[in-house]
Amino acid sequence: MEAFWSVRRPVSALHAGDHAWLACSGAEEHEHVVGAFVRDGLLAREKVVYVAAEPEPRIPGVVGTPSPELLTVLHAGHTGPRKALDAVTAEVEAAECAGFAGVRVTLDLTCAARDPELTRELMACDAALDHLVRPSAALSVLCRVDRRRVPPDAVDLLRAAHSVHAAPDPDFEDTVLRIVRTFDPRGLELSGELDASRHTVLDQALATVLAHGDDGPVHLDLAELRFIDLGALNMLAEVASRRAGRAPLVLDRMPSQLHEVIATVGWNMLPGLEVGRAAVLDPVPRP
Amino acid sequence: MTDAPRPFAHRLLPYEGADGLLAGAVPFLRAGLADGDRVLAVTSLATRVLLGDELDTGAVEFLDPAEWYAHPARTLAAALADADVAAQRGGRLRLLTEPTWTRRSAAEVREWQRTEAIVNAAFHRTGAAIMCPYPVRSTPAGVIADARRTHPETVRGDRVVANPGYVEPHVYNAACDRDPLPPPPASAETLRIARPDLYWIRAYVADWARQTARLPEEPLQRLLVAITEIMTNAQAHGAPPITLRMWTAPDAFVCEVADGGRWPERSWYGFVPPPPGVPGRLGLWAVRLLCSRVDIRTGEGGTTVRLAVDTPGVRADAL
């Protein structure tokens, strides 16, 4: 079934009736987004069904050993989408019978999406799952694939079939500033206004990105940043200089007024910062 | 190459007539060309023609005085950046700058005189060689007298002599700010700040600037960055009460922050840009680049930082 519209929703804002989609760019994004979905479910004492392609997967978002009543791990292996759907349906019915107020299911579709012969079956099962989820007052589903391992046309087909696209939860959000992790490219998306009132949250978010990364470039998407103060520019330049010898800090989609301000004070005062992608009027849709 | 840092020089060339100018400027430029310096000359067209008759000026970069003498802080920052780059490459920047003193307001003259003094502190690290020809006949006597306070040396014929009246730049700078600022107009928009989110201060300034002063977006954005920096400083280092005032002057939008604190003695007040390659130094000097003018007074009665952005041709609604 084709969704004619879609919304991007932070993973913690997913609710019952959502049949959401995530095309992961790698382990870090999987950990961050799927981990939040699992963790929020377990903390709320909802039923969590984690469907993995591989046996004995490492479940993101799990601390310690959750009780098997709360967390069920299904190994779908290469049995095909139909069997996985049957197993999930059975688990959901059992959870509803057991009186869970909420049931969360996350499925790895990577294996099925890689096999062109399974596409019809996969799409049929996904549509069946949609019929199960949409009217439900308890069930939410997060379908996921490893984007690097699935052909682009299969990713497009699956994306179009899901009306909700799961996004990372913001690292920080208030009425003035929002900071969200990005994974492809690695970095942060900054929206709103940034000044000394919120330098510490930028510092923390940058530290998180830098702590987990390799030496590759770190990108800051500034398309929605309406104001940045000199202190925050100093912080960015300091971070860039601490990474001397490694890839630069790249400023993507800088608004023109920020270009103007930096040109006035001089780029030579911000060594290690690089201008990346230009701002565009119609940003390309995110996966 | 391990050259020792070259000695900094900032020389006054008071001259009468073309011969006097050439007698000082030609050897100065020739020495730079011989040494492989980067040689810049900010001169009138007439001087450029005279120089071209005397030496091969193919390697001299001539710049338009009207552009060069547009904004003291920006000119200083740009020239200093060039001097730093030259020094990093083991070379030297050589500047011949012919200031234009006529048709300037007293306030403008004072700012350029101040810049002449600041040059001594700012360029010292670069080993730059700077010569400033002053035409004695067409320059007010007071301006020549002050040039002897802001230039460590004077060129007389082929001799270089120390200026006995040379004043240490901190002292000269402080003297420039001896007079109190003119009081804000009674109609100035006044807001007592009680440590709210900086976001709200910006929103307030932006609203007022757009609606009452019709400030265009580009200077408004520069002003917002500047006022945020000044307000951040006042909240971090100043003392209450903090007061924000805004008003429109002819062809300018003015915004000032007053607080009860006092700045330490011998501050450069952002006049001297930091050395290159050290991140994290954007601050008050960057505010000077962003605004058309920045005036600071600090003392027993507290501190006032007054920012102005020029708005030529913009008519304010009120005031």
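1. In this predicted model, strand E5 (residues 103-108) and strand E6 (residues 139-146) of chain A run parallel and are joined by 6 bridges. Strands (E, at least two residues) and helices (H or I, at least four) are DSSP runs, numbered from the N terminus, and two strands pair if DSSP finds at least two bridges between them.

2. Some conventions apply throughout. Residues are numbered from 1 along each chain as its sequence is written, while chains are lettered from A and ligands numbered from 1 in the order in which they are written. Because the model is predicted, local features need pLDDT of at least 70 and side-chain atom pairs count only at pLDDT 80 or more, whereas totals for chains, interfaces and linings use all residues.

3. The pair E5 and E6 belongs to an open sheet of 7 strands in chain A, with the order E1-E7-E2-E6-E5-E3-E4 and parallel pairing. Strand E1 (7-10) and strand E4 (71-75) of chain A have a single partner strand each, so one side of each lacks a neighbour in the sheet. From one strand to the next the twist averages 25°.

4. Two helices of chain A accompany this sheet. Helix H4 (residues 119-133) of chain A packs on the sheet and touches strand E2 (19-24) and E6 of chain A, its direction making about 155° with that of E6(A). Helix H5 (residues 152-161) of chain A lies across E2 and E6 of chain A, at about 155° to E2(A). Contact here requires C-beta atoms, placed from the backbone, within 7 Å; axes are lines fitted to C-alpha atoms, for helices over the stretch in contact, and angles run from 0 to 180 degrees between N-to-C directions.

5. Chain A is divided into domain 1 (7-167) and domain 2 (172-275), with bounds taken from an automatic or database domain assignment. The C-alpha centres of these two domains of chain A lie 33 Å apart. Their contact takes 5 residues from domain 1 of chain A and 4 residues from domain 2 of chain A. On the domain 1 side, the contact residues of chain A comprise no nonpolar, 3 polar and 2 charged. In this count Ala, Val, Leu, Ile, Met, Phe, Trp, Tyr, Cys and Pro are nonpolar, Asp, Glu, Lys and Arg are charged, and the others, Gly among them, are polar.

6. Chain B also contains an open sheet of 7 strands, here in the order E3-E2-E4-E5-E1-E6-E7 and with mixed pairing. Strand E3 (60-63) and strand E7 (159-162) of chain B are the edge strands, each pairing on one side only. Within the sheet, strand E1 (residues 9-15) and strand E5 (residues 129-135) of chain B pair in the parallel sense over 7 bridges. B:His10 has B:Ile130 as its bridge partner in E5(B). Helix H6 (residues 141-150) of chain B packs on the sheet, touching E1, E5 and strand E6 (153-156) of chain B, and its direction makes about 155° with that of E1(B).

7. The domain assignment of chain B gives domain 1 (9-176) and domain 2 (189-310), and 31 Å separate their C-alpha centres. The contact takes 12 residues from domain 1 of chain B and 8 residues from domain 2 of chain B. Helix H4 (72-88), helix H5 (106-122) and helix H7 (169-176) of chain B each supply at least two residues of the domain 1 side; H4(B) gives the most, with 6 residues. The residues of that side of chain B divide into 7 nonpolar, 2 polar and 3 charged.
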